[in-house]
Amino acid sequence: MFWTGELIARNAPVRRRAARPPRVERALAAYLGLAIGDALGATVEFMTPQEIRTQYGVHDEIRGGGWLRLKAGQVTDDTTMSLALGDAILGVGRVDALAAAHAFDAWMRGKPVDIGNTVRRNLIAFRRSGDPQAPASEHDAGNGAAMRILPVALATCGQPPETVISACRAQAHVTHHNTVSDAACETLVFMVQDFLLGGDALTVERERAGRLVGDFPVFTWDRKPVENPSGYIVDTIQAVFQSLFATECFEDCLIDVVNRGGDADTTGAIAGMLAGARYGLADIPKRWLRNLDETTRARCEKQAEALLQLSGSC
Ligand code: MN
Ligand code: MN
């Protein structure tokens with residue numbers, strides 16, 4: 001009897017999940033990539049490349065620590081604000097500024113491990129005014145709206161460009177009402193959508209990154225690696241684009257960007273989102289997927305599918 005059971009077990013048909021469409025695989029990879037980049041980069045946030053080399057050689061493992069003293073696999077505001085936004089979008093069935101503002105406010109009350117100054121200031125202003133649109137400010141060009149933009153990209157995939165742009169601005173302006181931030185947010189959203197729809201990197205670079213630089217020359221980047229990228233959206237985008245377009249797999253892209261130090265959890269998150277959408281789930285190293293916080297991983301997966309479904313494009 002013993003070995004009969006073994007035989008049955010060995011011959012039992014392998015139960016596989018039904019194959020998911022490539023677009024869904026890429027959406028999952030984008031969300032998991034965002035969280036992995038955040039968890040990986042947070043360890044070296046605010047360090048210089050030299051400090052990283054001294055301490056780790058090459059930082060390429062999800063190991064926690066850093067100035068926030070994180071557990072291995074724990075994520076920060078980049079991922080948790082994205083998840084708050086995703087829940088708000090799914091709650092009302094569309095991208096809505098007021099729902100996003102309430103979700104971010106509730107997130108802030110939950111005492112997140114980190115929070116940007118612009119986010120805090122404008123959420124406190126929202127509590128007083130009830131207006132989910134922060135006043136326009138040329139100073140609010142941090143990367144805080146861009147780091148949490150993924151749910152918008154998924155929820156509006158395949159929709160007309162005007163719809164995509166107004167959804168981008170609705171979520172971004174809750175805390176960052178700034179034309180340079182807007183340009184970056186819109187570019188990131190269109191890039192994610194291009195990749196989900198099967199676009200190749202050369203075309204995406206030429207058409208999306210190229211247009212951003214054409215419209216806002218401040219984003220122009222060259223080959224000289226941006227080190228210590230600050231929280232200024234221009235620094236962030238330049239570092240991310242250099243890493244994304246100079247590498248040919250998810251792992252190399254993320255290692256390249258986080259070892260630049262600076263705002264490494266955020267460059268990691270944005271690069272992880274784009275590289276996930278570009279390369280898909282199969283290209284994400286298993287050790288990183290395993291080390292990501294389990295609850296976070298489950299929430300990212302669930303939202304990715306639900307948001308894409310909401311877009312009507314799958
Ligand atoms: Mn963060
Ligand atoms: Mn950061």
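Author: Let us begin with K111, which sits in the loop between α5 and α6. Helices here are DSSP runs of H or I with at least four residues, strands are runs of E with at least two, and both are numbered from the N terminus. The model is a predicted one, in which local features need pLDDT of at least 70 and side-chain atom pairs count only at pLDDT 80 or more, while totals for chains, interfaces and linings use all residues. Residues are numbered from 1 along each chain as its sequence is written, chains are lettered from A and ligands numbered from 1 in the order in which they are written, and side-chain values use heavy atoms, with hydrogens and water left out.

Reader: What is the phi of K111?

Author: Most residues other than glycine have a negative phi. K111, although not a glycine, has a positive phi of about 50°. K111 is exposed, at 72% relative accessibility; exposed means over 50% relative accessible area, buried under 20%, and partly exposed in between, with a 1.4 Å probe and protein chains only. N228 also has a positive phi of about 50° and is not a glycine. N228 belongs to the loop between α10 and α11 and is partly exposed, with a relative accessible area of 34%.

Reader: Which residue bridges the two manganese ions, and how far apart do the ions lie?

Author: D265 is the bridge between ligand 2 and ligand 1, and the ions lie 3.6 Å apart. D263 is buried at 8% relative accessible area, and T266 is buried at 3%.

Reader: How is a pocket read, and which residues lie nearest the centre of the largest pocket?

Author: Rolling a probe the size of a water molecule over the atoms shows where empty space is left. On a 1 Å grid over the protein atoms alone, a pocket is an open set of points where a 1.4 Å probe fits, with protein on both sides within 12 Å along at least five of seven lines; lining residues have an atom within 4 Å of a point. The largest pocket is lined by 26 residues, and G116, N117, N143, G231 and D263 lie nearest its centre. Helix α6 gives the largest share of this lining, three residues.

Reader: How many aromatic pairs does the structure hold?

Author: The structure holds four aromatic pairs. Rings of Phe, Tyr and Trp (its six-membered ring) pair if their centres lie within 6.5 Å; planes under 30 degrees apart count as stacked, over 60 as edge-to-face and the rest as tilted. One of the pairs, W221 with F241, is edge-to-face, with 5.3 Å centre to centre and 65° between the planes. W221 lies in the loop between α10 (201-215) and α11 (233-246) and F241 in helix α11, so this pair ties together parts 20 residues apart in sequence.

Key. Donors are N, O and S atoms within 2.8 Å of the metal (3.2 Å for Na, K and Ca); water is not among the atoms, so sites may look incomplete.
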